[in-house]
Amino acid sequence: MSNAPKSNLKLVSLDGGGIRGFSQLEILRNIMHRLNWNIKSDGFDGLTLPCEHFNLIGGSGTGGLRMSVEEASDEFCTIAEEVYKPDGLMPPERTDRLRRCMEDVLTRRGFPVHLKLVDETQMDGFVVVSLRSNIETKVCLRTYPIHSRPSSNISVIEAVLASCATQPGFAPVSFGERYRRREYVGVGFGANNPVCEVIREAHSLFGGGSTVASLLSLGTGHSGIISWPSNGSDLDIYKAMRDTMNDCEQRALEMEERIGRVGIYSRFSVEQGMQNGRPCQAADPEWITTQTEIYLDEHQSCSKLDCFVRNARAKIGFISLDQLKHSGVSDESSQLASSVEKSLGILISNQDDATIEKLKLPDLECSSRVPECLEGTRQDILARVDAWAMEADAPNILWINGYPGVGKSAIATSIVEKWRLSGRLGSSFFFRRDGAEAMTPHSLWLLAENDALLTTSNVDKLFREFIHSPLVASSAIPVEKSPIIVVDALDECGGYDGQYSDHRAGLIRTLKSWSSLPGTFKLVVTSRRENDIEQMISKIPPRPLSILAGKATSFQSSEDIQTFLRHEFRQIVSLYPSMPPDWPGEQVIRNLTSLASGLFIWVKTVLKLLRRGELERTLKEILNGAGSMASLYKCILDMSFPNQSMEDVNDFRSILGAIIFAKVPLDVTSVAHFLSISNSAIGYICNGLHSVLEHEEALRIHHQSFVDFLLDPEECPTQFLINKQRESRTLTMACLHVMKMHLRFNICDLSSSYIRNQDVPDLDLRIKARITSHLS
């Protein structure tokens with residue numbers, strides 16, 4: 001072990017899981033591709049191997065890699081066919097087959113078959129095994145020496161056999177002479193996921209003062225419930241596999257709880273699909289890798305992979321091995337989280353928590369409700385945003401503008417998450433038209449003073465005192481570390497009053513003042529090109545970034561839509577085993593891309609229709625009559641309500657009117673009480689609009705373009721047209737009716753009106769019991 005502490009260590013933990021190691025290899029292949037891609041972009045030739053990139057690799061199965069992932073996968077495939085696939089093998093025979101396979105691997109690669117594990121000097125790695133005489137004893141077989149105990153003379157092949165000798169599928173492996181002879185078996189429960197062992201070994205190898213940039217943990221998939229074969233064949237090996245994976249996932253959850261918030265720990269393991277397998281699939285590499293590819297294509301997995309790669313490229317790790325060791329291996333999980341947070345200086349006191357909680361407006365959601373861009377799409381736009389963010393002399397306001405539905409909010413979400421991870425995000429606010437009552441500029445300026453929350457309408461004064469003056473005084477901050485503010489959907493500020501809203505006018509005036517700040521303090525605004533916003537923009541001017549649609553759609557936008565369609569169609573087709581995997585074909589994807597004309601919202605709406613309908617029939621109807629957003633919305637209405645009665649029409653108008661014009665979003669129960677409409681009628685309307693309407697908690701329309709369509713007499717069919725004056729009157733009368741029917745004196749049945757609210761011990765319970773949601 002070197003005496004000098006190391007920085008920027010990259011550690012890897014590989015779960016045990018037998019044949020499902022194919023899943024780990026597929027994940028690692030994706031990771032190495034991303035890492036090597038970044039290396040190429042930095043101007044270096046060649047590809048790095050896992051053992052060259054990571055400082056320590058620890059595993060409970062086959063351990064570390066001294067070859068590329070592709071080479072390891074090929075070798076493992078041969079082992080799977082020879083060792084895992086054949087049914088009815090006795091444990092000694094299975095172990096002997098594995099030995100012959102490993103001898104062949106070493107011989108073909110020019111190594112002696114008796115190569116000692118400690119002689120493997122080109123990589124630092126270890127595997128974990130157990131003693132057969134005491135299954136709870138964990139033994140690390142290492143490629144490197146440590147100061148605390150002599151090195152073992154075990155060979156590479158014997159180490160592999162010992163780590164794979166899970167009971168009862170394999171025979172124990174004996175090693176040593178005379179009284180030092182030991183029988184090793186695959187590791188017992190508690191170390192199938194060796195992440196804690198990786199931390200301890202790194203501490204011994206590199207020293208407690210060394211710092212860690214990334215800790216990667218690779219699992220072999222969620223085990224779930226595997227249905228055993230009725231004839232009981234090979235039940236033991238599948239049961240062992242399932243128990244191993246359950247043990248690994250339990251350890252992963254514990255580790256996430258302990259150090260997840262630190263930001264260096266990344267866990268990848270297929271969460272869905274793997275648990276639905278039959279025993280015959282459990283040893284099928286093709287099935288395992290297919291489930292893993294689906295997992296890696298998921299949006300959440302892509303975001304996690306991006307985050308990991310950024311951490312892996314960090315210049316200086318900020319968590320020491322002392323901190324990790326003392327926070328990652330204790331049995332007191334609450335103490336663990338506390339010690340890590342304190343060591344980082346990020347622990348917030350209870351008093352601070354209370355203050356922060358007071359600063360939050362009730363029921364105010366200012367975060368994004370839109371997912372990030374799909375991995376690999378919008379790269380041209382994101383690159384332009386990145387370049388602007390690093391350019392000190394550029395205008396300090398970036399205006400991302402475009403037609404409704406081109407993907408402005410998804411781009412805003414992507415850059416917010418990227419800057420949040422890098423530490424550059426100052427703040428973000430995502431306006432929504434249906435939340436205009438709470439999402440006022442005043443909600444951004446709250447003060448805590450003497451335990452009372454104060455608001456002010458003088459936004460300009462607050463901006464000068466709390467934004468402009470402090471930032472001007474901090475102008476020495478370098479551009480690469482300066483905070484960036486993101487305001488999405490500025491055109492939705494002010495609700496349906498739009499540019500006539502005083503709130504919106506005040507906010508636009510304030511945002512215009514941002515241009516007087518030093519150039520290092522950046523502001524991103526996304527919006528449609530509306531008159532008042534364009535007038536404000538023309539007086540600054542900002543750095544414009546227009547996302548075009550229609551005939552002006554860029555080639556890259558069309559390519560991004562095709563990529564998105566292929567990804568989503570793979571997800572859809574995976575639910576239909578009888579469908580060809582390349583359905584509906586490249587020509588249809590190109591046709592859909594042409595119809596989309598640069599509008600991602602058109603594509604998303606089409607995909608939602610397909611997920612709920614019969615694929616071929618629904619796709620045909622879309623291709624025949626949905627060439628614009630308005631045409632698509634008409635198609636949805638015609639398909640969902642083909643033979644509407646007058647009663648259906650009235651229900652449609654009343655329900656959609658309530659969703660659009662209510663001051664706060666309403667749930668189904670509230671709408672039913674307000675409008676005196678049955679739950680079945682509301683369900684009929686909501687189910688018909690599933691592709692454009694969200695109805696999980698509150699009823700919300702997915703995208704403002706559908707609202708615009710329903711309010712436009714030139715586009716919307718007459719029977720579905722929403723008249724603002726009529727539906728606002730309907731809502732008003734409904735509110736008066738509810739108040740008349742349900743309001744009464746002393747509604748909470750208090751014993752006396754002379755008692756202050758804070759002195760009524762069960763007031764919250766009384767309110768919940770006697771004031772229903774539609775009344776409150």
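On helix α22, the exposed residues R617, K620 and N624 sit on the face turned away from the buried side. This comes from a predicted model, so please read the values here as computed ones. The helix spans residues 615-625, and its buried residues include L615, T618, L619 and I622. Those four lie on the same side of α22 because they cover an arc of only 100 degrees around the axis.

What do the buried residues of α22 pack against? Their partners are α19 (555-573), α20 (586-596), α21 and α23 (629-640). At the start of the helix, the backbone nitrogen of E616 has a side-chain oxygen of E614 within 3.3 Å.

L656 is worth a look of its own. Leaving aside neighbours within four places in sequence, L656 is in contact with I685, L689, I701, F706, L710 and I722.

## A buried serine in a loop

Where does S691 lie? S691 is in the loop between α26 (679-688) and β17 (693-694). With a relative accessibility of 1%, S691 counts as buried, since the cut-off is under 20%.

Not counting residues up to four places away in sequence, S691 touches T605, K608, L609, I636 and H702. Between S691 and H702 the C-alpha to C-alpha distance is 8.3 Å, and the two are 11 residues apart in sequence.

## Aromatic pairs

How many aromatic pairs does a search of the whole structure find? The search finds 14. In one of them, F268 and F308 have ring centres 6.5 Å apart and planes at 85 degrees, so the pair is edge-to-face. This pair links distant parts of the chain, with F268 in strand β8 (residues 265-268) and F308 in helix α10 (residues 299-312), 40 residues apart. F268 counts as buried at 0% relative accessibility, and F308 counts as buried at 0% too.

Elsewhere, ring pairs join F22, F76, Y84 and F170 into a cluster.

In the model, the chain over residues 16-21 is 17% helix and 0% strand, with the end C-alpha atoms 8 Å apart.

Notes:
Residues numbered from 1 in each chain as written. Predicted model: local features only at pLDDT ≥ 70, side-chain atom pairs only at ≥ 80, totals over all residues. Heavy atoms only, no water. Helix = DSSP H or I, 4+ residues; strand = E, 2+ residues; numbered from the N terminus. Buried < 20%, exposed > 50% of the residue type's maximum accessible area, 1.4 Å probe, protein only. Contact = heavy atoms within 4.5 Å. Arc of directions from axis to C-beta. Polar contact = N/O pair within 3.5 Å; in protein donor to acceptor, adjacent residues only side chain to side chain. Phe/Tyr/Trp six-rings, centres within 6.5 Å; stacked < 30°, edge-to-face > 60°.
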